[in-house]
Amino acid sequence: MAAVMMARQGRELQRYSDSTGGRIVVGCIPYRLGAGGEVEVLVISSQKKGPAGGVLIPKGGWELDESMDEAARREAAEEAGVVGETGPALGRWCYRSRSYDATYEGFVLPLRVTAELERWPEMGARRREWVSPAEAVARCPHAWMREALQRFAGTVVAGAGATAALLGSAL
């Protein structure tokens, strides 16, 4: 029987932004090519209920003992139960935390999913769902995450489509 990984807890290793004073968070947009060659993104349910809920991308604090890439992959495994390979950051966003009176600095990386885990730390608290990038944008309640998803759709999706077309013509 495989052991279930434990989610990191606590804030003692968190990075804080020199420009905003708030935490620095790293997220990722997990994606795959669907059966028809279309790009699908994995979204997760919010732990909040009601109108503050919606779908999200995995994200969390960037800790002092890890690289940005490691933080993105850790959050994907903890919150969405996926592992994969990251690409270059899609950008930097500053956003106001609704829970804490602080402005956070966030970075988002694409993550090409190579495996879905059967068990993961937050599996009891979140649902995961594969959707189109457009559906993810429409269902996400946070403006900065929607912008990251739109940037993903404009860069990674276009590149994946070209790659899929190239591979399809080579077969």
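A nonpolar core is a set of buried Ala, Val, Leu, Ile, Met, Phe, Trp, Tyr and Cys residues joined through side-chain atoms within 4.5 Å, where buried means under 20% relative accessible area with a 1.4 Å probe, protein chains only. In this predicted model, the largest such core has 42 residues, of which I29, V41, V108 and F152 touch the most other members. This briefing concerns strand β2, residues 39-45. The model is predicted, with local features needing pLDDT of at least 70, side-chain atom pairs counting only at pLDDT 80 or more, and totals for chains, interfaces and linings using all residues. Residues are numbered from 1 along each chain as its sequence is written, and side-chain values use heavy atoms, without hydrogens or water.

**Burial of β2**
- Strands are DSSP runs (E, at least two residues), numbered from the N terminus.
- Seven of the seven residues of β2 are buried.
- In a regular strand, side chains alternate between the two faces of the sheet.
- On one side of β2 lie V39, V41, V43 and S45, and on the other E40, L42 and I44, all buried.

**Pairing of β2**
- Two strands pair if DSSP finds at least two bridges between them.
- Strand β1 (residues 24-33) runs antiparallel to β2 and is joined to β2 by three bridges; L33 has V39 as its bridge partner.
- Five residues separate β1 and β2 in their hairpin, where G37 takes a positive phi near 90 degrees.
- Strand β8 (residues 128-131) pairs with β2 in the antiparallel sense over four bridges, and R128 stands opposite I44.
- Strand β3 (residues 55-56) pairs with β2 in the antiparallel sense over two bridges, and V55 stands opposite S45.

**Surroundings of V41**
- Leaving aside neighbours within four places in sequence, V41 is in contact (heavy atoms within 4.5 Å) with residues including I29, W130, V131 and F152.

Technical notes. Buried < 20%, exposed > 50% of the residue type's maximum accessible area, 1.4 Å probe, protein only.
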